[in-house]
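Please keep the sequence and the 3D view open while you read this note. Take the points in order, and find each residue in the view as it comes up.

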Amino acid sequence: MAFTGKYEFEGDENYDDFVTKIGLPSDKIEMGRNCKIITEVVQNGNDFTWTQHFPGGRTTTNTFTIGKEADMETMGGRKFKATVKMEDGKIVADFPNYHHTAEISGGKLVEISTASGAVYKRTSKKIA
């Protein structure tokens, strides 16, 4: 269940349907397509720092403790409050317009987001 590591985007499924359902504008949809995101996770017990590095130097960092409300930010830059949970070894969070899970499976970071019936899956390989 150790999430700590640095992960590089490897592939995704159903990107266009998902981002359309959550209402991302077309310029952000195009920018995010096949985006080589580097995700860096530091886990210390139930405390997490989850950072996504985007090409061009933009970074988003969410710091949270399992079971406690935290200030978070979506991939579109929208700020909100959420209580992140741990269920069956998966990190689970409800964003403003989608449900998100993350787990380590086969040494890879697998993230699944669901909105209005659209299921988006992003897989990242561990690089450090």
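Which residues does I37 touch, not counting residues up to four places away in sequence?

1. Residues are numbered from 1 along each chain as its sequence is written, and side-chain values use heavy atoms, with hydrogens and water left out.

2. **The opening question.** I37 touches Y7, E8, F9, Q52, H53, F54 and R122. A contact here means heavy atoms within 4.5 Å. I37 lies in the loop between α2 and β2. Is I37 buried or exposed? I37 counts as buried, because its relative accessibility is 6%. The cut-offs are these: buried is under 20% relative accessible area, exposed is over 50%, and partly exposed is in between, with a 1.4 Å probe and protein chains only.

3. **Confidence.** The average pLDDT of the protein is 92, and 98% of the residues score at least 70. pLDDT is the predictor's confidence in each residue, from 0 to 100. Confidence is lowest in helix α2 (residues 26-32), with a mean of 82. Confidence is highest in β11, at 97. Where pLDDT is low, the predicted coordinates should not be read in detail.

4. **Fold elements.** How many helices and strands does the protein have? There are 2 helices and 11 strands. Helices (H or I, at least four residues) and strands (E, at least two) are DSSP runs, numbered from the N terminus. Along the sequence the pattern reads β-α-α-β-β-β-β-β-β-β-β-β-β.

5. **Overall size.** The protein has a radius of gyration of 14 Å, which agrees with the value near 14 Å for a compact globule of 128 residues. That radius is taken over C-alpha atoms, and the globule rule is 2.2 Å times the number of residues to the power 0.38. The C-alpha atoms fill a box of roughly 40 × 30 × 25 Å along the principal axes. Of the 128 residues, 39% count as buried. Among contacts with a separation of 6 or more, 41% join residues 24 or more positions apart.

6. **The core.** The largest nonpolar core has 27 residues. Such a core is a set of buried Ala, Val, Leu, Ile, Met, Phe, Trp, Tyr and Cys residues joined through side-chain atoms within 4.5 Å. F18, F48, W50, F64 and I91 have the most contacts inside this core. Elements that each supply at least two of its residues include α1 (15-21), β3 (47-53) and β9 (98-105). **V92.** V92 is found in strand β8 (residues 90-95). V92 is buried, with a relative accessible area of 4%. Beyond four places in sequence, its contacts are T83, V84, K85, E87, H99, H100 and T101. The C-alpha atoms of V92 and F18 are separated by 18 Å, and these residues are 74 apart along the chain.

7. **Two buried threonines.** T39 is in strand β2 (residues 38-44). T39 is buried, because its relative accessible area is 0%. Leaving aside neighbours within four places in sequence, T39 is in contact with G5, K6, Y7, W50, T51, Q52, L109 and E111. T123 is in strand β11. T123 counts as buried, at 17% relative accessibility. Not counting residues up to four places away, T123 touches E8, F9, E10, G11, K108, L109 and V110.

8. **Two positive phi values.** Where is D88 placed? D88 is in the loop between β7 (85-87) and β8. Its phi is near 50°, a positive value in a residue other than glycine. D88 counts as exposed, because its relative accessibility is 81%. S116 is in the loop between β10 and β11. Phi of S116 is near 45°, also a positive value in a residue other than glycine. S116 counts as exposed, at 62% relative accessibility.

9. **The record.** UniProt, in an unreviewed entry, places the feature "domain: Cytosolic fatty-acid binding proteins" at residues 5-22. UniProt positions are given in the numbering used here, feature names are shortened, and annotations may be inferred rather than shown by experiment. In the model, residues 5-22 are 39% helix and 50% strand. The end C-alpha atoms of this stretch are 28 Å apart.

Notes
This is a predicted model: local features need pLDDT of at least 70, side-chain atom pairs count only at pLDDT 80 or more; totals for chains, interfaces and linings use all residues.
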